[in-house]
Amino acid sequence: MERLRYEPFGERLAPEGEAALPSRASKYLLWAGTGLFWSLVVTIVIARAVFFEPGVFDEFSRVAALVKAAIF
């Protein structure tokens with residue numbers, strides 16, 4: 001008879017022979033998800049650096065004031 005092993009929380013552990021190797025699709029999904037995550041992190045950090053840089057939008061406010069003066 002096979003001896004069963006349990007983890008500390010009472011969950012039965014699978015015998016060593018039943019452990020399945022991860023599939024190729026799972027590896028590709030992991031790479032794609034990781035790449036997407038880090039590209040979003042880089043995009044957010046760059047956007048915040050540009051947006052919070054003092055003086056970046058000074059020229060835009062001048063152009064907006066000229067357009068407002070020309071229209072009204």
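Author: Here are some labels, each set against its definition.

Author: First, the ground rules: this is a predicted model, where local features need pLDDT of at least 70, side-chain atom pairs count only at pLDDT 80 or more, and totals for chains, interfaces and linings use all residues. Residues are numbered from 1 along each chain as its sequence is written, and side-chain values use heavy atoms, with hydrogens and water left out.

Reader: Why is threonine 34 called partly exposed?

Author: Its relative accessible area is 37%. Buried means under 20%, exposed over 50%, and partly exposed in between (1.4 Å probe, protein chains only), so threonine 34 is partly exposed.

Reader: And what does the side chain of threonine 34 reach?

Author: The backbone oxygen of leucine 30, at 2.8 Å. Threonine 34 itself sits in helix α1, residues 24-51; a helix here is a DSSP run of H or I, at least four residues, numbered from the N terminus.

Reader: What makes isoleucine 71 exposed?

Author: Isoleucine 71 has 59% relative accessibility, and the cut-off is over 50%, so it counts as exposed. Isoleucine 71 belongs to helix α2, residues 58-71.

Reader: How do you know that α2 is hardly covered?

Author: The count of buried residues among its 14 residues is zero. For the protein, buried residues make up 0% of the 72 residues.

Reader: What span is expected for α2, and what does it reach?

Author: The expected span is 1.5 Å times one less than the number of residues. For the 14 residues of α2 that gives 20 Å, and the helix reaches 20 Å from its first C-alpha to its last.

Reader: Why is the pair of phenylalanine 37 and tryptophan 38 called edge-to-face?

Author: Rings of Phe, Tyr and Trp (its six-membered ring) pair if their centres lie within 6.5 Å; planes under 30 degrees apart count as stacked, over 60 as edge-to-face and the rest as tilted. The structure holds one aromatic pair. Phenylalanine 37 and tryptophan 38 are 5.0 Å apart centre to centre with 75° between the planes, so the pair is edge-to-face.

Conventions: Helices (H or I, at least four residues) and strands (E, at least two) are DSSP runs, numbered from the N terminus. A polar contact is a pair of N or O atoms within 3.5 Å; within protein, one must be able to donate a hydrogen and the other to accept it, and residues adjacent in sequence count only if both atoms are side-chain atoms.
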